[in-house]
Amino acid sequence: MPPVAPRFLLTMAALAPLALAACVIEQPGTPIPAEQTCGAEGLQGLVGQYRSVLASMTFKGPVRVIEPGMAVTMDYNATRLNVELDGAGKITRLTCG
C-alpha cells in the first residue's frame with residue numbers, strides 16, 4: 001500500500017468536522033401552530049354564523065370557502081383560511097391549510 005501524503009491527511013482532518021456538522025439535527029424554536037398562521041384561531045367566534053358575515057370582512061391571506069360535497073385540492077397553504085359550511089350555509093369549522 002503506497003504511503004498517504006501528509007497534505008491529504010491534513011485536508012481530511014480539516015473536512016471531517018464539516019461532514020459531521022451536516023449530520024446534526026437542528027432543533028427548531030417554538031413552532032407556530034397552524035391555526036395561528038392564517039388567523040383561524042382568532043376567528044372561531046364565526047362558527048355557527050351564516051357565510052354572509054364573510055362578505056364584510058377582510059383577511060390577511062387567501063380564503064377558501066368549502067361547501068358540503070365540494071371537491072377541494074389537497075395542497076396545503078398555511079396562510080390560507082379554510083371556512084367549512086353546512087348545508088344551510090352556516091360556518092361549521094375554520095382551519096388553516
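This is a predicted model: local features need pLDDT of at least 70, side-chain atom pairs count only at pLDDT 80 or more; totals for chains, interfaces and linings use all residues.
Residues are numbered from 1 along each chain as its sequence is written, and side-chain values use heavy atoms, with hydrogens and water left out.

Me: Is V63 buried, partly exposed or exposed?
Reply: Buried means under 20% relative accessible area, exposed over 50%, and partly exposed in between (1.4 Å probe, protein chains only). The relative accessible area of V63 is 35%. V63 is therefore partly exposed.

Me: Which residues does V63 contact, leaving aside its neighbours within four places in sequence?
Reply: Contact means heavy atoms within 4.5 Å. V63 and V83 are 20 residues apart in sequence, yet their C-alpha atoms lie 7.3 Å apart in space. With neighbours within four places set aside, the contacts of V63 are R80, L81 and V83.

Me: How far from R64 is the nearest side chain of opposite charge?
Reply: Lys and Arg count as positive and Asp and Glu as negative, with His and the chain ends not counted. A salt bridge requires a side-chain nitrogen of Lys or Arg within 4 Å of a carboxyl oxygen of Asp or Glu. R64 is buried and has no salt bridge. The nearest side chain of opposite charge, D75, lies at 4.3 Å.

Me: Which residues does Q49 touch, not counting those up to four places away in sequence?
Reply: Q49 and G89 are 40 residues apart in sequence and 8.4 Å apart in space, C-alpha to C-alpha. Not counting residues up to four places away, Q49 touches G89, K90 and I91.
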